[in-house]
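Here is a short tour of some side-chain pairings, written for someone who likes to have the model open while reading. Please keep the viewer at hand and follow along.

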Amino acid sequence: DGHTPCVLNGLRVSGGSRLWLSDRYHSAMLSFHDANVTMIGCSIGAAFGEDGVNIKRGEVDIQQCDFRDAQDDIVDLDQVRGRINECSFSALQRADTSMIANGDCLDMSGSRVAITNCIFQGARDKGLSVGERSEAFVRSSSFLNNNTGLASKDGSMAYVQGGSFQGNRTGLSAFRKKPVFEGGKIQWQGIVMGGNGTDHQKDGHSTITTIDKLDPMIARKFGMDP
């Protein structure tokens, strides 16, 4: 009903797929619609539907979880608010499965999420995709060996504070994909770049800006300490 609480603590699950249920399409192994989701210490891997986890229209608090491998996006957030802390997102294409991870480690659409102390690695597309007028505050996170580390697109804004981008084909990317939206924007401070094919790239609709200090009001907007 929009306020239903769902709490998962220490869950381990893999091998799930997708489902049509009551005229709703659930694209993920774990699917939450119109619910507030808390996940603590969970291990989610090897999904054989489109996504590993999909959350639509709710609030999230995700802490110390490990997400691995899906056919498309490992975690997909649509119209979600909340925070993700100390989690790992890995598209490793393991030898013991025929599944190939084609999408993003974490995909956001129409969402506002604070992301801290996380790892994004091995994505064939994007480690973190911030799209369709989403806002992301990303602090002290690592992006390793992705096609693109972090992308902001289609009217979205990503604030990146600290962390590292290592071994990605492209570190930061800002662009417009759908003509109904504006371009993407990224502001970054104190990032360590190394071994990327290109550290950052943008199209003519978008901006990537290096700043000396992030406005403290931005962190507070996401419920974070400056």
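A residue is called buried here when its relative accessible area is under 20%, exposed when it is over 50%, and partly exposed in between (1.4 Å probe, protein chains only). By that rule Asp78 is buried, with a relative accessible area of 14%.

Before going further, please note that this is a predicted model, in which local features need pLDDT of at least 70 and side-chain atom pairs count only at pLDDT 80 or more, while totals for chains, interfaces and linings use all residues. Residues are numbered from 1 along each chain as its sequence is written, and side-chain values use heavy atoms, with hydrogens and water left out.

**Salt bridges**

Side chains of opposite charge can pair when their charged atoms come close. A salt bridge here is a side-chain nitrogen of Lys or Arg within 4 Å of a carboxyl oxygen of Asp or Glu. How many salt bridges does the structure hold? There are eleven salt bridges, and three of them are set out below.

| Asp78 | Lys56 | 3.0 Å |

Asp78 belongs to strand S10 (residues 75-85) and Lys56 to strand S8, so their bridge ties together parts that are 22 residues apart in sequence. Asp61 in strand S8 and Arg83 in strand S10 likewise link distant parts of the chain, 22 residues apart. Asp61 is partly exposed at 21% relative accessibility, and Arg83 is partly exposed at 44%.

The pair of Glu135 and Lys221 spans 86 residues, from strand S16 (residues 135-139) to helix H1 (residues 216-221). Glu135 is buried, with a relative accessible area of 17%, whereas Lys221 is partly exposed at 40%. Elsewhere, salt bridges that share partners join Arg24, Asp34 and Arg57 into one network.

**Around Gln63**

Gln63 is in strand S8 (residues 51-63). Is Gln63 buried or exposed? Gln63 is buried, at a relative accessible area of 13%. The Gln63 side chain makes a polar contact with the side chain of Asp61 at 2.7 Å. A polar contact is a pair of N or O atoms within 3.5 Å; within protein, one must be able to donate a hydrogen and the other to accept it, and residues adjacent in sequence count only if both atoms are side-chain atoms. Leaving aside neighbours within four places in sequence, Gln63 is in contact (heavy atoms within 4.5 Å) with residues including Met39, Asn85 and Arg83.

**Aromatic pairs**

Rings of Phe, Tyr and Trp (its six-membered ring) pair if their centres lie within 6.5 Å; planes under 30 degrees apart count as stacked, over 60 as edge-to-face and the rest as tilted. The whole structure has seven aromatic pairs. One of them, Trp20 with Tyr25, is tilted, at 5.2 Å centre to centre and 40° between the planes. Trp20 is exposed at 62%, while Tyr25 is partly exposed at 27%.

The Phe120 and Phe143 rings are stacked, because their centres are 4.8 Å apart and their planes lie at 10°. This pair links strand S14 (residues 119-121) with strand S17 (residues 142-144), 23 residues apart.

Definitions and conventions. Helix = DSSP H or I, 4+ residues; strand = E, 2+ residues; numbered from the N terminus.
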